[in-house]
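Hi there,

Here is the structure I promised to pass on to you. Please open it alongside this email, and my notes on what turned up follow below.

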Amino acid sequence: MIKFPLPILVALASTLVLAASGALGQGLRASPSLTPQRAANDSAQRIADYIVAVVNSEPITNNEVRTRVLRYEQQLSQRGGALPARDELAAQVLERLIGERAQVQLARDNGIKIEESAIDAAVQNVARQNQMGVDELRRRLEADGIAYGQFREGLRDEMLLARVREREVQSRVTISESELDRYVQEQQDTPDASSADINIAQILIVAPEGASAPQLQALQARAERAASRARAGEDFAALVREFSQAPDSAKGGLMGLRSADRYPDLFVQATQNLQIGQVTGVLRSGAGFHVLKLVEKKQVSASSFTTIQTRARHILLRPSAQLSESTARERLNELRRLIAKKEIDFAAAARENSQDGSGKDGGDLGWANPGQYVPEFEEVMNGLAPGQV
């Protein structure tokens with residue numbers, strides 16, 4: 001852990017009784033079951049919150065500690081690891097939270113900011129890794145007792161921490177020309193799966209939350225039938241239409257050609273040794289049962305270290321109870337018409353209308369690497385010439 005010379009005043013409560021209130025960014029699965037006595041204690045503690053530490057006048061609450069403790073317990077339980085005593089885990093969690101809070105404060109003091117557009121992209125990434133849309137992610141968070149705003153702020157803090165750590169590491173690292181040459185040669189000699197662009201088609205059999213063992217067995221058997229028929233040579237797109245419940249089923253299950261790091265690790269590992277056209281067995285994820293087909297694979301040349309960045313402006317309107325989707329579309333079309341006729345400047349229109357953090361900067365999203373935005377946004381953006389809207 002990086003230590004900062006910041007004055008920290010810690011006021012610890014005599015006892016920390018910890019309860020489940022959800023997880024941030026990591027697992028979105030249901031909480032582990034609690035014993036009756038533990039559940040009663042948790043229910044009592046959920047009524048009132050209190051401050052357990054203060055870091056440079058910024059408080060850390062008992063609920064924050066409880067949430068992080070549950071997150072670690074879930075991760076350890078999923079990995080089959082032994083759970084430490086809750087008091088011991090709470091003390092470790094509090095120490096880590098204090099360190100993280102100090103680093104976040106340092107980042108803010110140094111002017112490090114995370115744009116709303118970057119958080120939007122991070123939310124999209126979390127949703128994609130959990131095989132769901134953003135709307136469904138919000139519903140799952142609310143079901144777990146996590147406010148969407150709290151979830152976004154947690155992502156912001158995690159990204160701030162990553163920026164601080166990058167600065168700390170970069171300021172201490174010196175790479176010689178010979179080391180750089182050796183690294184490039186090694187990458188050319190040993191290409192890895194993560195350097196490939198792949199296109200995967202999937203059949204998804206959704207497993208509802210709380211499904212019973214017989215229900216899961218029936219769903220898995222259905223997925224096994226789909227996999228068996230696909231491996232026997234039946235048309236995969238036809239099987240997608242017959243079996244799949246994924247949003248991409250209308251496209252034959254195709255998820256699109258993209259870098260391997262933009263697919264879930266489960267998908268990459270399952271397809272990395274397949275030949276084009278081959279089909280996996282049945283895979284289990286939090287969303288349900290998957291059958292995958294490797295449609296396309298392009299190895300990215302390690303000799304090319306040129307990255308084409310894109311800089312764009314946007315105007316974002318968020319449909320709500322006060323702004324219907326059709327009204328938002330009409331307003332954006334009218335703004336586009338005025339911009340095309342040069343009756344209004346794009347940046348000025350963004351400052352007056354955009355409902356995200358980039359509005360104050362005239363909608364400027366800054367320079368972005370490929371893959372930073374969601375595929376739908378990036379596909380349209382890449383199809384524009386400079387100056388086009």
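Let me start with Gln 372, which counts as partly exposed because its relative accessibility is 34%. Please keep in mind throughout that this is a predicted model. You will find Gln 372 in the loop that runs between strand 8 (364–368) and helix 13 (375–382). Once its neighbours within four places in sequence are set aside, Gln 372 is in contact with Ala 121 and Glu 378. Another pairing to look at is Gln 372 with Ala 122: they are 250 residues apart in sequence, yet their C-alpha atoms are 8.8 Å apart in space.

Now for the chain as a whole. It has 13 helices and eight strands. Of its 389 residues, 38% are buried. If you take the contacts with a separation of 6 or more, 72% of them are between residues 24 or more positions apart.

Next comes Arg 313, which lies in strand 7 (residues 310–313). Is Arg 313 buried or partly exposed? With 40% relative accessibility, Arg 313 counts as partly exposed. Its side chain has a polar atom 3.0 Å from the backbone oxygen of Gly 362, and the backbone oxygen of Asp 361 lies 3.3 Å from a polar atom of that side chain. Leaving out neighbours within four places in sequence, the contacts of Arg 313 are Phe 346, Ala 347, Asp 361, Gly 362, Gly 363 and Asp 364. Computed along the chain, Leu 365 is 52 residues from Arg 313, while the C-alpha to C-alpha distance is 5.7 Å.

Helix 11 (residues 325–340) and helix 12 (residues 346–353) pack with their axes 10 Å apart, at an angle of about 155°. Angles over 145 degrees count as roughly antiparallel, and therefore helix 11 and helix 12 are roughly antiparallel to each other. Their crossing is right-handed. Helix 11 brings Arg 331, Leu 335 and Ile 339 to the contact, and helix 12 brings Phe 346, Ala 349 and Asn 353. Sorted by class, the contact of helix 11 with helix 12 has four nonpolar residues, one polar and one charged.

The axes of helix 8 (residues 213–231) and helix 9 (residues 236–243) cross at roughly 165° and come within 10 Å. That angle makes helix 8 roughly antiparallel to helix 9. Helix 8 passes helix 9 in a right-handed crossing. From helix 8, Arg 222, Ala 226, Arg 229 and Ala 230 meet Phe 236, Leu 239, Glu 242 and Phe 243 of helix 9. The residues of this contact divide into five nonpolar, three charged and no polar.

Finally, a buried glutamine. Gln 105 sits in helix 3 (residues 86–109), and its relative accessibility of 9% is why Gln 105 counts as buried. Which side chain does Gln 105 join in a polar contact? The partner is Asn 56, and the contact between the two side chains is 2.9 Å. Apart from its neighbours within four places in sequence, Gln 105 is in contact with Val 55, Asn 56 and Glu 58.

Technical notes. Residues numbered from 1 in each chain as written. Predicted model: local features only at pLDDT ≥ 70, side-chain atom pairs only at ≥ 80, totals over all residues. Heavy atoms only, no water. Helix = DSSP H or I, 4+ residues; strand = E, 2+ residues; numbered from the N terminus. Buried < 20%, exposed > 50% of the residue type's maximum accessible area, 1.4 Å probe, protein only. Polar contact = N/O pair within 3.5 Å; in protein donor to acceptor, adjacent residues only side chain to side chain. Contact = heavy atoms within 4.5 Å. Axes fitted to C-alpha atoms, helices over the stretch in contact; angles between N-to-C directions. Parallel < 35°, antiparallel > 145°, perpendicular 65-115°, else oblique. Left-handed = near helix turned anticlockwise from the far one by under 90°. Nonpolar A, V, L, I, M, F, W, Y, C, P; charged D, E, K, R; others polar.
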